[in-house]
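I opened this model to look up its salt bridges and its nonpolar cores, and I kept notes as I went.

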Amino acid sequence: MSVREKFLEKYPEGRVPAKSTIQDLIKKWRTTGNVSNMKRDKQPTVRTPEAVANVQTIIGRNVLSVYLIDVVSGSVVFSAVHKRSLEPIHLVHSENWVIYSYFSDKSRRTEITTLDLYEGKTQSNTTAFSSVWNPIQPMVERQSYILPASVEMMKETITEKGITSKHILVALDNGGVLELPWVLLDPRRPLAATPDLREEAVIPYVPELPTLPEAIINYNQTLLRVSGIHTSPSGLESTCLVTVYGLDLFYTRVAPSKTFDMLKEDFDYILITAVLVGLTVSAFMTKRLAARKALKQAWK
């Protein structure tokens with residue numbers, strides 16, 4: 001009879017931890033450097049239900065579970081479990097994608113995972129669509145990235161019509177607010193780019209996300225202990241208004257797809273005014289000359 005069977009026979013109401021769970025605990029125990037570890041071979045096996053419950057609490061404490069649930073049918077579209085994950089944990093949901101960040105205790109780094117939902121190769125019948133009895137499950141693209149900094153807050157940009165590309169604003173623990181384009185977080189980024197993905201401007205996969213100085217939207221203004229980021233659309237489709245609050249307040253505007261609906265600051269208004277006036281005068285004179293020519297031909 002195995003140890004697990006003996007335990008269940010003596011303590012039927014207790015829950016036995018898995019073998020891998022106990023091994024992980026022993027590994028963690030060894031790394032503490034405690035002198036009592038020298039006597040572990042002579043210590044009796046853990047048998048009490050209270051000790052088993054304590055083991056389960058320690059193991060289950062650092063597990064991050066992510067579920068995507070269809071709120072209409074109640075079905076689970078996608079689920080993922082990240083073991084040995086610690087806070088801070090942040091999540092952003094917009095359109096058909098989800099981005100969440102966490103600290104990996106196993107790798108000792110901050111990781112960002114992106115989920116992108118697509119209808120898949122089989123399209124649903126739009127003429128007889130039912131949100132409850134829809135047999136086609138969305139296809140989930142998933143990818144993880146490494147961020148060489150700790151995340152304090154995340155928020156996506158918002159524009160008036162939603163035409164502009166989405167960027168993710170990430171407040172870092174060093175006081176900077178990083179603007180990450182969606183092209184860097186796209187879960188479809190392949191190890192080797194294909195011609196189809198090149199046409200869609202999907203770049204090859206690189207595990208580490210760049211934190212370029214020009215991508216810091218607060219420039220040399222340090223923002224520490226950020227508690228929230230609020231974004232709102234402006235009157236222009238290209239521009240998003242951003243407010244960062246916490247220990248300090250910071251307000252700015254960002255243009256994810258550049259200012260395509262705005263004139264540049266060095267735009268030559270005098271030149272364009274002179275051109276418009278010249279075109280107007282030319283059109284008026286051409287109209288008068290054409291009318292006089294038609295009148296002369298009518299008298300012949």
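**Ground rules.** I am working with a predicted model, in which local features need pLDDT of at least 70 and side-chain atom pairs count only at pLDDT 80 or more, while totals for chains, interfaces and linings use all residues. Residues are numbered from 1 along each chain as its sequence is written, and side-chain values use heavy atoms, with hydrogens and water left out.

**Salt bridges.** I searched the whole structure for salt bridges (a side-chain nitrogen of Lys or Arg within 4 Å of a carboxyl oxygen of Asp or Glu), and the search returned four. One of them pairs Arg108 with Asp105, with 2.4 Å from N to O. I then looked up accessibility, where buried means under 20% relative accessible area, exposed over 50% and partly exposed in between, computed with a 1.4 Å probe on protein chains only. Arg108 is exposed at 55%, whereas Asp105 is buried at 16%.

Arg188 forms a salt bridge with Asp186 at 3.5 Å, N to O, and another with Glu200, where the closest N and O atoms are 2.7 Å apart. The Arg188–Glu200 pair links distant parts of the chain, twelve residues apart, with Arg188 in the loop between α4 (182-185) and α5 (195-199) and Glu200 in the loop between α5 and β10 (226-233). For these labels, helices (H or I, at least four residues) and strands (E, at least two) are DSSP runs numbered from the N terminus. Through shared partners, Asp186, Arg188 and Glu200 join into one network.

**Nonpolar cores.** I took a nonpolar core as a set of buried Ala, Val, Leu, Ile, Met, Phe, Trp, Tyr and Cys residues joined through side-chain atoms within 4.5 Å. The largest has 21 residues, of which Val170 and Leu185 touch the most other members. At least two residues of this core come from each of β4 (97-104), β6 (139-147), β7 (151-156), β8 (167-172), β9 (177-181) and α4.

Beyond its neighbours within four places in sequence, Leu185 is in contact with Ile99, Ile112, Thr114, Tyr145, Ile168, Leu180 and Leu209.

Notes:
Contact = heavy atoms within 4.5 Å.
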